[in-house]
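Please keep the structure open as you read.

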Amino acid sequence: MKTLRFLFAMVAAKCAALGLRLLGRNATYLPGLIAVKLAPDFIGHLKKPETLICVTGTNGKTTTSNFITSVLKSTGKRVTNNSFGSNVQAGVAAALLLNANLFGKPKNDVAVIEVDERSSLKIYPYITPDYIVINNIMRDSLKRNAHTEFISFILNSAIPKESTLILNADDIICSHLAPQCEKRIYFGMDAEKPDHTEGMAAKDIVYCPACGGRLVAEYIRYNHIGRVKCERCGYGTPDRDFTVTAIDRENGTFTVNGEDYKLVNDNIVNVFNFCGAIALLTTLGVTHAEIVKAFETAEIVKTRFVSEALGGGRSLTMILSKGQNPVAVSRVFSYVSKCEGDDKCLLVMVDDKADNTNNVENTCWLYDLDYRPLLDKGIGQIIFAGKRCYEHQLRCAMTGIPAAKTAFVPEVAGSVNAIDLDRFKDIYLLYDNYLLDDARREEKALKGRCGA
Amino acid sequence: MTIEILFGETANLFGDMQNMEYLKKTLPDAAFVETALPDKPYFVDNTPDMLYMGAMTEHTQRRVIEALAPYRERLASLIDGGTLMLFTGNAGETLFRHISYVTEKIETDGLDLVPLTAKTDLFDRYNGKALGHLPGAAEAQAVGPVTGFRSQFSRWYGENADNAFLRMDRGMGLNEDSTLEGWRDRNLICTAVIGPILPLNPKLTEYLCSLMGVCVPAAFRDAAIRAWEQRVIEMEDPETRF
């Protein structure tokens, strides 16, 4: 039964969406905000699409949900998603209301919704997803997410027991989430198994949550990602249903459960993301051939990763590196260090733009950020640009990175001029998501310098 | 010189371990003993020059209290004896009289070495900054403004007028109604300032080293001072939000 309050909220939100569109603006947040302000249980009154898929976790939500959406669309499904909007309650409400008629009936068969972990408590009480893909639970912005036990507490409290979970088995925190859910599918990776049992960065789980015994690692890829088992009670990494068994960088493929897929991006975190998507899509009945076909045209959104030749033997790779998120930026540093080349130059702009405007950015995350990949001999120049550059200078010194290969520039604008183009061919521009416009400006300036 | 890091593998939420990495560079000849949660702490049978513990999850906090409870009297005698102890974030709460975990509805007695209490609410997070100075005039002069960050579920309660670690120039003290931050009893320091307080404050690092009888410059002093000065300028700016 639709309440008058819901109908009023729906009309108001639809009017707002129409108005925004007439003004040529996105209607991906405000209409949802109006809806949930007027009717906090608004989402619950909407009729669920035939299949409702949510994607959550610390890193990889957008890449995964975008890929799932594009595959499903390529199979002929009509899909709603919030990839261009917000992943908090208002953004989710906006996506779902735009997919609904005035009475809340959905227009599209499938909804693929990216959900911010912390917003789970305001979303899952009102909707029960058929599937929830959870990529990982990692150390994130400490101001927003505090710590992984807090995020686990939220997800455990919010996730409906009827949902089927698609979980990263190799993340011991993620794989044990929401024990109330009996239907669980695990994905993970055997390929490129590391030979070390200790990661370089801080782990967010060391002791068994069940008995307090030490978790002993068979191997650790990074942070707490790997295979572990409690020395006392056997609590540990579950068996996987979908496993990446090989990554063939030369031929650009990776293999899941014996079947090959195009390697869209060879960063290991993205291979995990794609494996999670494959696990979900296969479970939904999408065939290997259909997924392969979608992979052929798939690419990481250009605002997140783009690589191109600049001419003169130079290349530019731009990689989104979320500031305030030490694991995400550490993984990017690690990725760049492993990229081929002996004359790499990094321009790093990862300050929090909002936090540096009449504010002082909380820089504790820089002390969780693993700078050690920057010791790589193939990296010849590293430029940190932005107000917090002197903090990076201290961290580089603490890490033992030679001062001669570093530069610290307080202004982002014009920082590209610090790149020594005579010496370095492979340029990497790492930028926070709120510095995308600045990154594009610097990209343009760099191309100008290169005559590209 | 020996410095014991208590439970560093799990009490390290906000970059806290870089305090110890910074101290290793500042005191290259010092020995660092890392004690794991199930192990008997080094301080039980030895007298370290310094004890350090960083921020932890609420669940870990309860385990730490259990782990340290058998050694409460030893810790008390080390405090009486003037051993330098630095507890950052919520680590100091383990020494408090009591912690109320409002969300989880759990009441836990701490080690009762500090006459404060803490109330922890997972749905009431405080994020902020800290700008303060040590209470003594000579110390404040030597150390200068202490800068840092706060991010916590807990608020602290009790009387610390004669035992504050910092008099706040800007930012919260024990709680929103207080301008006196943390607890200082001889060389025991409990501060809710999180994470890398030592590299963020090189002069404070030098001051703490002096409490251990060592007068040395903080590691990478020029770079650390430059970053600190920049932060002080920004934090003292009245336009800066706290």
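Predicted model: local features only at pLDDT ≥ 70, side-chain atom pairs only at ≥ 80, totals over all residues.

## Around strand S14 of chain B

Strand S14 of chain B runs over residues 188-191 and is covered on both faces. B:Leu188 and B:Cys190 point to one side, B:Ile189 and B:Thr191 to the other, and all four of these are buried.

S14(B) has a parallel pairing with strand S4 of chain B, residues 84-88, made through four bridges. With S13(B) the pairing is antiparallel and has three bridges. Here B:Asp185 is found opposite B:Leu188 of S14(B). S13(B) and S14(B) form a hairpin with two residues between the strands, and in it B:Arg186 adopts a positive phi near 50 degrees.

## The six-stranded sheet

Now step back to the sheet as a whole. It is an open, mixed sheet of six strands in chain B, ordered S2-S1-S3-S4-S14-S13. The edges are taken by strand S2 (31-35) and strand S13 (183-185) of chain B; each has a single partner strand, so one side of each lacks a neighbour in the sheet. Ignoring direction, neighbouring strands in this sheet are turned by 10 degrees against each other on average.

At the S2 end, S2(B) pairs in the parallel sense with strand S1 of chain B, residues 2-6, through five bridges. One position to look at is B:Thr2, which sits opposite B:Ala31 of S2(B).

## Chain B as a whole

Chain B contains seven helices and 14 strands. Its radius of gyration is 17 Å, close to the 18 Å that the globule rule gives for 242 residues, so chain B is as compact as a globular protein of that length. Along the principal axes, the C-alpha atoms of chain B fill a box of roughly 45 × 40 × 30 Å.

Of the 242 residues in chain B, 50% are buried. Considering contacts in chain B with a separation of 6 or more, 68% join residues 24 or more positions apart.

Let's finish with chain A, where the domain assignment gives domain 1 (4-297) and domain 2 (305-450). The C-alpha centres of these two domains of chain A are 28 Å apart. Between them, 15 residues of domain 1 of chain A are in contact with 15 residues of domain 2 of chain A. The side of domain 1 of chain A that touches domain 2 of chain A is made up of seven nonpolar, five polar and three charged residues.

Definitions and conventions
Residues numbered from 1 in each chain as written. Chains lettered and ligands numbered in written order. Domains from an automatic or database assignment. Contact = placed C-beta atoms within 7 Å. Nonpolar A, V, L, I, M, F, W, Y, C, P; charged D, E, K, R; others polar. Pairing = 2+ DSSP bridges. Axes fitted to C-alpha atoms, helices over the stretch in contact; angles between N-to-C directions. Rg over C-alpha atoms; globule rule 2.2 N^0.38 Å. Buried ≥ 20, exposed ≤ 12 C-beta atoms within 10 Å, placed from the backbone.
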